[in-house]
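Subject: Handover of a structure for your study

Dear colleague,

I am passing on to you the structure shown here. Please keep it open while you read the notes below it.

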Amino acid sequence: MNSRPQNLLNKLEAHQKRVTPFRAVASGQLVRVVGLTLEASGCTAPVGSLCSIETMEGELTAEVIGFENELLYLMPVDELRGVLPGARVVPLGAKANLNVGLSLLGRVLDGSGQPIDGLGALNSTEQASAHSPAINPLSRKAIEEPLDVGVRAINAMLTVGKGQRMGLFAGSGVGKSVLLGMMTRGTTADIIVVGLVGERGREVKEFIEEILGPEGRARAVVVAAPADTSPLVRLRACETSTRIAEYFRDLGYNVLLLMDSLTRYAQAQREIALAVGEPPATKGYPPSVFAKLPKLVERAGNGSVNQGSITAFYTVLTEGDDQQDPIADASRAILDGHIVLSRTLADSGHYPAIDIEASISRVAPMVVDEQHLDSTRKVKQMYSHYQQNRDLISIGAYTQGSDPQLDNAIRLQPAMNAFLRQGMRDAISFNDCATMLNQLAAQCK
């Protein structure tokens, strides 16, 4: 018996198992529009997929964010204009893949990964799924090496390890964007991914041209979703930034992910959740917000043995400098440390305005030696001792000689302030920071 027909049949059966059966997609119609929420009937599509809506100005793309009985809840990706009652709604399928590759370096993308810098299309034929599977925590490499970020106060006092997730807690106007720019120029990471979410359009251009600069931009990928974009685009921008960082990590690169801000991510999810009727829980935030935060943050970190790392800095806006804000409190619990920027220090011209007493790096003991830890402890104790007695010193109520340790703290205060300050264009290596820290600690008795 000839085996060729049987082999051909086996191949066809194997191919059939791999191919998803084709289903005719039925179109529906738009039945209701309230705010940014659109309701469609007559068609079915999974949550997270895209639909096309016919309008007077062309086609509008919207994403399925929920459903109830036969109704689909959608939210527009673009600006909502020209929509009519009964407009045709056509499901498009799942989300599109992201263009990835080294050609992304130096480019500015929108929340969907499309270029917005006017430099033409992306020269990349490689694509990655918009969603990546979670990494088994037992397969991750341990955090054992420090990452040089070029900022003396962080390198010396709040040492960051490769694969660490740090929070940058600050109110508005205290220099968090400048600090992020300093890290992009001074870090030793191979690749930098910057997510600018919910910022003013002017600040996006200013960050790219002034703060990031040509030097930082050459090895960076910027994903921007200004404040005037839809909540879906802002939400997707954070996920796109993380997915691009994951791609480079999987190739073996050490990636620095800077996301400004995690609060805007939470606010975008709140807008979407409230639009589909999810009840608010903590200070107006629905439960889904607090479920999404750890899912986003846990995607950063070290990969497996043959992969690289993602060291992430997430800015967290503290409204009215309230450190007990629900998003700030939830973020602090899921991150590996936090850096607090003080408005008092910023108002006095102390930049970067890092509050050393209120900040901590939880992995510092694992990435620096005992001498570095001991020097950090001595300087921090001396600095705190002065701050605790600052009011007495200011009003002249302290008599010199009453406390020898405080006398030494007063004498070293100018040196400690100079150590913690740094120009925005300066980049100081980790080894130089450690040497200067040990020299300062030698004077603390």
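Predicted model: local features only at pLDDT ≥ 70, side-chain atom pairs only at ≥ 80, totals over all residues.

Residues are numbered from 1 along each chain as its sequence is written, and side-chain values use heavy atoms, with hydrogens and water left out.

The whole chain

The C-alpha trace of the chain spans about 95 × 60 × 40 Å along its principal axes. Its secondary structure comes to 14 helices and 17 strands; here helices (H or I, at least four residues) and strands (E, at least two) are DSSP runs, numbered from the N terminus. The domain assignment gives domain 1 (28–93), domain 2 (97–367) and domain 3 (372–442), and such bounds come from an automatic or database domain assignment. Taken over C-alpha atoms, the centres of domain 1 and domain 3 are separated by 59 Å.

Of the 445 residues in the chain, 51% are buried. Buried means under 20% relative accessible area, exposed means over 50%, and partly exposed lies in between (1.4 Å probe, protein chains only). A contact means heavy atoms within 4.5 Å. Among contacts between residues at least 6 apart in sequence, 71% join residues at least 24 apart.

For the pairs below, axes are lines fitted to C-alpha atoms, for helices over the stretch in contact, and angles run from 0 to 180 degrees between N-to-C directions. Angles under 35 degrees count as roughly parallel, over 145 as roughly antiparallel, 65 to 115 as roughly perpendicular and the rest as oblique. For the residues, Ala, Val, Leu, Ile, Met, Phe, Trp, Tyr, Cys and Pro count as nonpolar, Asp, Glu, Lys and Arg as charged, and the others, Gly among them, as polar.

Helix 3 (residues 176–186) packs on helix 4 (residues 201–217) at an angle of about 10 degrees, and their axes are 9 Å apart. Helix 3 is therefore roughly parallel to helix 4. On the side of helix 3 the contact includes Ser 177, Val 178 and Leu 180, and on the side of helix 4 it includes Phe 207, Glu 210 and Ile 211. The residues of this contact divide into 5 nonpolar, 4 polar and 3 charged.

Helix 5 (residues 231–250) and helix 6 (residues 262–275) pack at about 140 degrees, with axes 8 Å apart. These two helices are therefore oblique to each other. Among the residues that meet are Pro 231, Leu 232 and Arg 234 in helix 5 and Tyr 265, Ala 268 and Gln 269 in helix 6. The contact of helix 5 with helix 6 has 7 nonpolar residues, 1 polar and 3 charged.

Helix 7 (residues 287–297) and helix 8 (residues 326–334) pack at about 40 degrees, and 10 Å lie between their axes. Helix 7 contributes Val 289, Phe 290, Leu 293, Pro 294 and Val 297 to the contact, while helix 8 contributes Pro 326, Ile 327, Ala 330 and Ile 334. These residues divide into 9 nonpolar, no polar and no charged.

Is Thr 159 buried or exposed? Thr 159 is buried, because its relative accessible area is 2%. This residue lies in the loop between helix 2 (152–157) and strand 10 (165–170). Not counting residues up to four places away in sequence, Thr 159 touches Pro 146, Ser 361, His 372 and Phe 430, among others.

Leu 80 is placed in the loop between strand 5 (71–76) and strand 6 (88–93). At 26% relative accessibility, Leu 80 counts as partly exposed. With residues up to four places away in sequence left out, Leu 80 touches Val 33, Gly 35, Leu 38 and Leu 60.

Asn 69 lies in the loop between strand 4 (58–68) and strand 5. Its phi is near 55 degrees, a positive value in a residue other than glycine. Asn 69 counts as exposed, at 71% relative accessibility.

Cis peptide bonds

A cis peptide bond joins Asp 260 and Ser 261, with omega about 15 degrees. Ser 261 is in the loop between strand 13 (254–260) and helix 6. A cis peptide bond also joins Tyr 351 and Pro 352, where omega is about -10 degrees. Pro 352 is in the loop between helix 9 (343–347) and strand 17 (360–361).

With kind regards
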